[in-house]
Amino acid sequence: MKKLSRIFLASANPNKIQELQEMLSPLEIELRSTLDIEENVEVVEDLPTLEGNALKKAKFWYQRTGIPSLSDDTGLEVEALGGEPGVYSARYAGPDATYEDNVLKLLEEMKGIENRSARFRTVVALVSEKELLFEGVCEGEIILQPRGERGFGYDPVFLPDGFNRTFAELNAEEKNRISHRGRALQKLIGFLEDEPE
C-alpha cells in the first residue's frame with residue numbers, strides 16, 4: 001500500500017472530523033469528508049457488528065470517490081446490560097434520538113444497578129486496494145449523573161479507568177490519548193507511519 005496523501009472520512013459528524021483532523025495533522029494527509037460532497041448520501045448502518053458497519057461505510061465511499069476511505073463505528077458496551085447499547089449506541093433511544101436522549105435512557109436503564117462497568121469500543125476501517133481494521137477499547141464505568149461540557153454522545157456519563165473526570169471533562173488532547181477512537185486511530189497512524197513509500 002503506497003503512502004496516502006488523502007483520506008476520505010465517511011462521516012458528516014463535525015466532532016469526529018475535528019478529532020480525526022487533530023490526530024492526522026502530523027502525517028500531512030489531506031482529510032476530506034462527506035461534508036465535502038454536495039449530495040446528501042447516507043450509508044445505513046444496519047449490520048449487527050461494529051466491524052461490519054465500519055467496513056460497509058468505508059467500502060461504499062472508496063467505490064464512490066476513489067480516495068482511500070476511513071470509517072469507524074463505535075459502541076458503548078455496558079456489562080450489566082449484556083453489552084448494550086453496543087452497535088445501537090447512536091440510536092439507543094430511537095432513530096431520531098439526540099445525545100441527551102440516549103444518555104437519559106441509559107441512566108434510566110441503569111437505575112439501581114451496582115455494577116457500572118462499561119467500555120467504549122471503536123473499530124476503524126480503512127479501505128483502498130486493501131481492507132484494514134483497527135480496534136480501540138477504553139474501559140471505565142457509567143456514573144450516576146452527567147458531568148462536563150466537552151465531547152459528545154455518552155461522554156458526560158463515562159468515567160474512564162484511572163481518571164476522576166469524565167470524557168466530557170477532559171480536554172481534546174487528553175481524551176484523544178486515552179479514548180477508544182484515539183487508540184484505534186493511534187494503531188492506524190502507526191500503520192501509516194510504518195508503511196514504505
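The model is predicted, so local features need pLDDT of at least 70 and side-chain atom pairs count only at pLDDT 80 or more, while totals for chains, interfaces and linings use all residues. Residues are numbered from 1 along each chain as its sequence is written, and side-chain values use heavy atoms, without hydrogens and water.

**Exercise 1. Describe the largest cavity and its lining.**

Step 1: settle the terms. On a 1 Å grid over the protein atoms alone, a cavity is a set of points where a 1.4 Å probe fits but cannot get out; a pocket is an open set with protein on both sides within 12 Å along at least five of seven lines; lining residues have an atom within 4 Å of a point. Points are joined across faces, edges and corners, and a volume is the space filled by probe spheres set on them.

Step 2: count and size. There is one cavity of 30 Å³ or more, and the largest cavity holds about 30 Å³.

Step 3: list the lining. Leu9, Leu20, Leu70, Ser71, Asp72, Val124, Arg181 and Leu185 line the largest cavity.

Step 4: assign elements, taken as DSSP runs numbered from the N terminus (helices: H or I, at least four residues; strands: E, at least two). Both β3 (69-78) and α5 (180-194) supply at least two lining residues, and β3 gives the most, with three.

Step 5: sort by class, with Ala, Val, Leu, Ile, Met, Phe, Trp, Tyr, Cys and Pro as nonpolar, Asp, Glu, Lys and Arg as charged, and the others, Gly among them, as polar. The cavity lining has five nonpolar, one polar and two charged residues.

**Exercise 2. Do the like for the largest pocket.**

Step 1: its volume is about 1100 Å³.

Step 2: 40 residues line the largest pocket, and Ser11, Asn13, Lys16, Glu45 and Ala90 lie nearest its centre. Two or more lining residues come from each of α2 (50-65), β3, α3 (99-109) and α5.

Step 3: β3 gives the most to this lining, with six residues. By class, the pocket lining has 17 nonpolar, 12 polar and 11 charged residues.

**Exercise 3. Examine the backbone at Pro85 and Glu28.**

Step 1: recall the background. Most residues other than glycine have a negative phi, and most peptide bonds are trans.

Step 2: the bond from Glu84 to Pro85 is cis, with omega near -5°. Pro85 sits in strand β4 (residues 85-86).

Step 3: Glu28 has a positive phi, near 55°. Glu28 lies in the loop between α1 (14-24) and β2 (30-33).

Step 4: Glu28 is exposed, at 72% relative accessible area (buried is under 20%, exposed over 50%, partly exposed in between, with a 1.4 Å probe and protein chains only).
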